[in-house]
Each structure stands twice: as C-alpha cells, then as structure tokens.
Amino acid sequence: MTLQNGSQYIKSLKKLRPNIYKWGKLIEDVTTHPATRLHIQSVSLSYDAAFDPEQADVFTTNSHFSNQKAHRWNTLMKSPEDVAGNIRMKRAQFRKTGTCQGATCTGWTILNALWAVTYETDQELTTPYHSRLEKYLRYVEENSLVLAGAITDAKGHRALKPSQQKHKDSNLHISKIVPGGIIVRGYKAQICGVAAVHEILCVPGNAYGESDKDFALAFAVPRDVQGLTIVETRRPSDTRDEEDGWDSPKAGAITQAYLLFDDVFVPEDRIFLQGEYAYAGKFIEYFTALYRSAIGACVAGQGDILIGAAINMARANGLSRKIFQDKLNQMAANNEVTFGLGLGAILLGNRHPSGVWLPDSLLAHVNKTQVAKLPYETKLLAQDISGGIAETGCFPSYADFQSSEYGQHLLHALAADADGETRARAARLVEWLTIGGGVPGCMHGGGSPDGAKLVVRALEPWEDYAASALKIAGITTELKDPIIKK
Ligand SMILES: Cc1cc2nc3c(=O)[nH]c(=O)nc-3n(C[C@H](O)[C@H](O)[C@H](O)COP(=O)(O)OP(=O)(O)OC[C@H]3O[C@@H](n4cnc5c(N)ncnc54)[C@H](O)[C@@H]3O)c2cc1C
C-alpha cells in the first residue's frame, strides 16, 4: 500500500507505544491530546491530498523503484522537477494549514542526502550502507510512513567538540557495538514533528574528525523504540491552541521535541553510517543544499496566508485592501524572493553520481540568510495592517467571551465593520501566525543564518570579482589587502 488517506494515517499512529511526555505527563494518545492533535490533523490533510484530483500531483509522484504512485515525501528526488515538487508541496502545505508540517520534511531530506552519502561510502570503503538504505526506503514508501529527522544534538558547550564535552550524552553517540547492531545514547534537541511520525532518522549534527567518530552515525528507529523517551516542547504560544475556543485557528500548530536515547539498540539493517567520520561533513553539505533550497517555499506559503489574514483583518476593521496595497506588495515580494531563490538553487544544481539531484549550495545558503530575515518583515507588516487587536495582550480570552455577565459586551466592543466574533477570529489568526504557535522558526529552523553566511563567504569567488572590476576600471597596478604591522 503506497498510499494512505488521513484517517488510515491517524489510525496507524494510535498503534505506537506511548513514549511522549508533556507538562510532566505521558501523552496516551497523540492523535487526541491538545498539544499534538492539531499537528497530526494537518499532516493528515497531506495524506488526504493524495486522493484529491486537484492536489494529487503536488502531494504524490511516481516511485523511482516501483513506478507506482507514492506520497511525495517518501520518494527520491532525482531531477530538478522532483526537487521543485518538494518546494511546491511545502508552499501548498503552508497554505492549507498556515504552519510547518515537520513530519513530511526533514526526514525526507535526510533520506535523499543519505542516498548520496551512502553511495559514496559504499564506493570508497565497500560498506553495505547504500543497499541497506534502499531496503529501508522501499519499506518507508510501501508502508506510506512519515519520518522525523534528528540532526541537531543538545550539543553542550558550543565551543567544544562532542568528544570534549563534560557530558558525552550532549551528543548522540555509539555507546557499544553488540552482536547484530549498536547501542546508542545521548540527546537530540528541537526536533520538529516527532509526535506525528512513525519513524525517526538520526544523523550527524556536524562535520567531524577522527576524535569524534563515535558521533558520526546515521540510523533509523521506530518512534516508539524501547529506550527512547520523547519530551514535547512547543511553548509558550501553544497555550492558546490548547484553550480550544472558537477563536483558535483550527489547523496547523508545529510540534517540537527533545529525544532522550537511553541505551537504544539499533539493528544492523537500520544503520547507515557507523563511525565513518569523514562523511559526516558530506552529509551536512548535501542535506543543507536540499533543505535550504526548500525552506523559502515554506515561509512563502505562510506569507501567502499572512497576506490573506491581513486583508481579512483590514476589511473586518472597515478598511479596504487598497489602503494597504503598498504593504501587501512588499509582503508578496518577500514571499516570492525566498521561493524564487530556492527555485534558482534547484535549477543550478547537479545530479550526484548516486542519482539524486543536489541544488546549488551557494544559492541554497543565500536563501537561508533571507529566510532568517524577510518573513519577519512580512509578519511585522501583517501586524501593522491589522492593528493592536492582533498583538498578544490586547485581546480577551475565549473564557471571557463566554461570561454571562460581560461576554456580550466584549463582543460588542470588538465589533467594527464585521461583528465581534468575525473580527476576533481574524485577529487571532494574525496573532497566531506572527507571535503564536504558527511561527515556523525562520531564524534557526534548518540551521543558523551565521552558519549559512560562512558557506556564502567560502563559495563566492571574491578575487574573481575584484579581478573583473580591475579590468573594467582599467587598473593595471596590483591591489592587495594591506598588511598591517602590529
Ligand atoms: C522551529 C524549529 C524547527 C526545527 N526542526 C528541527 C528538526 O526537525 N530537526 C533538527 O535536527 N533540528 C531542528 N531544529 C533545530 C535547528 O536546526 C537548530 O536550532 C539550529 O541548527 C541552531 O542550533 P541551536 O539552536 O543549537 O543554536 P546554537 O548552536 O546555540 O547557536 C546560537 C548562535 O550561536 C552561533 N554559534 C553556535 N556555535 C558557535 C561556534 N562554535 N562559534 C561561533 N558561533 C557559534 C550560531 O551560529 C547561532 O547564531 C529546529 C529549530 C527550530 C527553531
């Protein structure tokens, strides 16, 4: 069964062992718990889209193995069209739910980056990883799974290597090699969408040298594997979602988790790197090229909803769209810049010998620097257009609206051109998208912008530019950086 619908997906999650905690308590059923259900609902819409004739082309594609239709997020991206399919799907997902779906994103990108890395290790070191990964990917595709991707370690002291940390568990590592597999332990942090997935792919969080070979590992585990405790961490903006009033946006809500691996056994057939430290950096290179070409599409999709939410808010306030057209134009330009940069990175990419298409690193990293900037301006403009009602602290709670003493007065006080309830709903969406549970983590999601800037600095041919400018200026003397004697 390569395709499942939303309710089949939700049913399949119910079968997993409860191992996710929030507010100090075990979540018995992630599909109904207020902290996780909205995220799962939004992923279920992506499953349902496979059966909607108008959306099926965006959310599915043909498997490169079986040529059968599969959910797009479980397939290899072997052409520029395949990778563009990723960014089109992401924009569509955000337009459906207003926020990140996590579960159909990082894990998929990891699969593709590992496809290239394991091809190289098998070629150069005669490891068995690529064929193992193929077997795993077929399993994922055939069972219509969704995967989280765990790259970010808890890290510990930022200026020290994993092997130099006071607590070795600050970074996920091989603790013991045992017959038939390995035992792993340590922490991964801030992992998106875990509550909504069947499996988790764990990979190196950085480029490593020989002293850190225990940390150079890649493997897959079921989300409910023995020894793994998950702590759901989305806060504090989620409290409004958990209020469950009519004024809460009903779709979306990103989830985030800490993963605590306490001596987890990983069988050989699920291990895709085991100490080959030289390939950790390669993995990061391929992953970031793919991921950072796509993140501009997510924020563009959210920006589309922000434009709509701001227009609705203006109208609910009694003002026309035209009054704010300049600001709306700027919002649209921001969205298209990050979407277009990603598309450019894809177009200038190359096919890796393993078959996967890798976007151009320079443009992908430039995109990350813009994703860490432009969506904030888009949010600011949405708040600017909407008025104080859309900023937190200026809005009564759902419980207050229910008061028999003063609820009706509050609704009258909120009414403008639209009635109080309509204006409240419109305002809460802007609030949720700009400072609430809908914020997708533009700054650090997919890595820090400073990391991306380092790559831009390394890849731009600065000296070629200087040489060209010399020629055009007609300068024949050599210009060099001055050497300043101290
Ligand atoms: C919404 C969201 C979703 C996410 N989803 C996922 C996910 O699904 N999977 C996943 O694996 N991760 C995920 N992450 C984690 C994300 O990848 C990290 O937040 C990101 O890589 C930055 O790491 P950090 O938060 O530990 O920041 P830090 O490492 O603490 O960095 C803070 C600042 O210090 C700088 N810095 C850090 N170390 C150094 C150094 N040695 N020298 C100089 N400067 C330094 C950084 O550039 C940054 O500016 C998510 C994050 C967010 C916010």
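**Notebook: rings and cores**

I looked up the aromatic rings and found Y9, Y47 and W73 linked into a cluster by ring pairs. Rings of Phe, Tyr and Trp (its six-membered ring) pair if their centres lie within 6.5 Å; planes under 30 degrees apart are stacked, over 60 edge-to-face, and the rest tilted.

This is a predicted model, where local features need pLDDT of at least 70 and side-chain atom pairs pLDDT 80 or more, while totals for chains, interfaces and linings use all residues. Residues are numbered from 1 along each chain as its sequence is written, and side-chain values use heavy atoms, without hydrogens and water.

I counted nine aromatic pairs by this rule. Y47 and W73 are edge-to-face, 5.0 Å centre to centre with 80° between the planes. Y47 is in helix α2 (residues 37-49) and W73 in the loop between β4 (69-71) and α4 (80-97), 26 residues apart. Helices (H or I, at least four residues) and strands (E, at least two) are DSSP runs, numbered from the N terminus. Y47 has 0% relative accessibility and counts as buried; W73 is buried at 2%. Buried means under 20% relative accessible area (1.4 Å probe, protein chains only), exposed over 50%, partly exposed in between.

Next I checked the largest nonpolar core, which has 85 residues. Such a core is a set of buried Ala, Val, Leu, Ile, Met, Phe, Trp, Tyr and Cys residues joined through side-chain atoms within 4.5 Å. V184, I200, F219, L259 and F261 have the most contacts inside it. Helix α8 (residues 278-316) gives the largest share, eleven residues. Another core, of 28 residues, lies apart from it and includes M313 and L414.
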